[in-house]
Amino acid sequence: MRLPPSLLAAGLSLLPLCLWGGVASAEAAGSARTPAAKPAHPALDTSELERRWGLIENYCLECHNYTDWAGGVALDTMDPSTVAEEAEVWEEVIRKLRGRLMPPADEPQPEATEIKAFVAALENHLDRAAAANPNPGTVSLHRLNRAEY
């Protein structure tokens with residue numbers, strides 16, 4: 001990486017430039033840093049999830065609806081196209097279905113194969129959504145110690 005002579009003469013450290021994106025040339029040093037554009041991702045295919053959505057409608061909506069809010073979840077306000085935006089809720093649904101905690105024992109139960117197929121479709125959809133829009137989190141800056149410097 002080449003730094004402009006003015007920065008080298010000023011005796012500035014290279015580390016802050018590396019942490020904040022660096023400078024590739026003298027022209028870039030004077031320009032404002034622009035955010036990187038998000039790459040366009042094709043829309044996620046929800047056909048498999050839509051095909052299996054009957055499990056939610058038949059066994060879950062009686063309690064988990066906008067009126068009752070059982071467990072603080074209203075599944076009737078969600079649809080297959082919004083699953084990726086509410087991944088935390090759907091991860092919890094997966095855990096409950098896998099552990100056979102939902103539907104409750106005193107309610108009608110879906111077939112084990114139906115649960116397995118729905119959970120697989122839901123997991124595949126969530127995995128594809130996460131791969132299409134990775135979110136590694138944020139990196140916080142900290143003061144360097146001697147070994148790091």
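This is a predicted model: local features need pLDDT of at least 70, side-chain atom pairs count only at pLDDT 80 or more; totals for chains, interfaces and linings use all residues.
Start with the core. The largest nonpolar core holds 18 residues. Within this core, Trp90, Phe118 and Leu122 touch the most other members. Three helices each supply at least two residues: α5 (54-59), α6 (87-98) and α7 (112-132). The most comes from α7, which gives 6 residues.

Now look closely at Phe118. Set aside its neighbours within four places in sequence. Phe118 is then in contact with Leu49, Arg52, Trp53, Leu55, Ile56 and Leu97.

Next, take α6 and α7 as a pair. Two packed helices are described by the angle between their axes and the distance between the axes. Here the axes of α6 and α7 come within 10 Å, and they cross at roughly 155°. Angles over 145 degrees count as roughly antiparallel, so α6 is roughly antiparallel to α7. The crossing of α6 past α7 is left-handed.

Which residues make the contact? From α6 come Ala87, Trp90, Glu91, Val93, Ile94, Leu97 and Arg98. From α7 come Ile115, Phe118, Val119, Leu122, Glu123 and Leu126. Of these contact residues, 10 are nonpolar and 3 are charged, with no polar ones.

Finally, turn to a loop. Thr46 lies between α3 (26-30) and α4 (47-52). Is Thr46 buried or exposed? Its relative accessible area is 14%. Buried means under 20%, so Thr46 is buried. Not counting residues up to four places away in sequence, Thr46 touches Pro80, Ser81 and His125.

Key: Residues are numbered from 1 along each chain as its sequence is written. Side-chain values use heavy atoms; hydrogens and water are left out. A nonpolar core is a set of buried Ala, Val, Leu, Ile, Met, Phe, Trp, Tyr and Cys residues joined through side-chain atoms within 4.5 Å. Buried means under 20% relative accessible area, exposed over 50%, partly exposed in between (1.4 Å probe, protein chains only). Helices (H or I, at least four residues) and strands (E, at least two) are DSSP runs, numbered from the N terminus. Contact means heavy atoms within 4.5 Å. Axes are lines fitted to C-alpha atoms, for helices over the stretch in contact, and angles run from 0 to 180 degrees between N-to-C directions. Angles under 35 degrees count as roughly parallel, over 145 as roughly antiparallel, 65 to 115 as roughly perpendicular and the rest as oblique. A crossing is left-handed if the near helix is turned anticlockwise from the far one by less than a right angle, and right-handed if clockwise. Ala, Val, Leu, Ile, Met, Phe, Trp, Tyr, Cys and Pro count as nonpolar, Asp, Glu, Lys and Arg as charged, and the others, Gly among them, as polar.
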